[in-house]
Amino acid sequence: MKLHIKQIIQKDGSKLGYKVFDNLLTQDEQEQLNTVFFDHDFPYYMSSAVGQKTVNEKAYDTWSDSNTVEARLMVHSFITDKEISRYYQGIEHLLHLFYERTDIKFSGVYRCKLNLQYQVADYDKNKYQCPHIDQVFDHKVLIYYPFTSDGDTFLFNEIEQKKYEIVDRIEPIGGRFLLMDKMFHAGQPPIKNIHRMVLNYNLEE
């Protein structure tokens, strides 16, 4: 297992951190998960956000900056508002594997969803979709990358409203996990690859 840890200090003096884990899963375990995500009967839906936005209008108006460029997003919600997709049983073991191999545990899952985006060949690699936090309450975000692609995950320190410092850019590597505190982040669609996929958990501490 490879582990990268970093901490940032916010404008109010509080500290936020994130960790990147590589090689937690075997190749066979990764491929088993991908059979779920790529099954021809597995459903994806257009994001409920208006137009091409990946967040709702209120969040976009509050958090977008001059580098924000949106792109269409397809999703599958495994867990949301205590509703559980019948497909969740195919990936339920993933969180348990993470717990076992990192000794990091949480009390519950508030949300779990899979994001799928297709290639946007003319997208600027230095732009990103709307910076956001997933929930207003305290939570942890765990992101799993099912396969390697381009389309980084940007991590931000909010300097002031609509102004951000880019803390890091996490490359989507197959089998990689990103665990972070409630901090601003954003993705970008793939420019070179046909598609990009991210599994996002919001976890209760």
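Modeller: I call it a salt bridge when a side-chain nitrogen of Lys or Arg lies within 4 Å of a carboxyl oxygen of Asp or Glu. This is a predicted model, so local features need pLDDT of at least 70 and side-chain atom pairs count only at pLDDT 80 or more, while totals for chains, interfaces and linings use all residues. Residues are numbered from 1 along each chain as its sequence is written, and side-chain values use heavy atoms, with hydrogens and water left out.

Biologist: OK, how many salt bridges does that rule give?

Modeller: Seven. One of them pairs Arg101 with Glu29, with the closest N and O atoms 2.8 Å apart.

Biologist: What does that pair tie together?

Modeller: Arg101 lies in helix α3 and Glu29 in helix α1, so the bridge ties together parts that are 72 residues apart in sequence. Helices (H or I, at least four residues) and strands (E, at least two) are DSSP runs, numbered from the N terminus.

Biologist: And is Glu29 buried or exposed?

Modeller: Buried, at a relative accessible area of 17%. Arg101 is partly exposed at 33%. The cut-offs: buried is under 20% relative accessible area, exposed is over 50%, and partly exposed is in between (1.4 Å probe, protein chains only).

Biologist: Which residue does Lys140 meet in a salt bridge?

Modeller: Asp181, at 2.1 Å from N to O. Lys140 sits in strand β7 and Asp181 in the loop between β10 and β11, 41 residues apart. Both Lys140 and Asp181 are buried.

Biologist: What about Glu57?

Modeller: Glu57 forms a salt bridge with Lys53, the closest N and O atoms being 3.5 Å apart. Glu57 counts as partly exposed at 31% relative accessibility, and Lys53 is partly exposed too, at 21%.

Biologist: Switching to strands. Which ones does β6 join up with?

Modeller: Strand β4 (residues 74-80) is joined to β6 by five bridges, and β12 (residues 195-204) is joined to β6 by 10. Both pairings are antiparallel. Two strands pair if DSSP finds at least two bridges between them. For landmarks, His76 stands opposite Leu114 in β6, and Cys112 has Tyr201 of β12 as its bridge partner.

Biologist: How many residues of β6 are buried?

Modeller: Eight of 11, for a strand covering residues 108-118.

Biologist: Now the inside. Which residues touch the most other members of the largest nonpolar core?

Modeller: Phe37, Phe78, Ile91, Phe98, Phe177, Leu199 and Tyr201, in a core of 32 residues. A nonpolar core here is a set of buried Ala, Val, Leu, Ile, Met, Phe, Trp, Tyr and Cys residues joined through side-chain atoms within 4.5 Å. The largest share, five residues, comes from α3.

Biologist: What is Phe177 in contact with?

Modeller: Leaving aside neighbours within four places in sequence, the contacts (heavy atoms within 4.5 Å) include Phe21, Leu25, Leu94, Phe98 and Leu142. There's also a second, separate core of 13 residues, with Val141, Val167, Ile170 and Leu178 among them.
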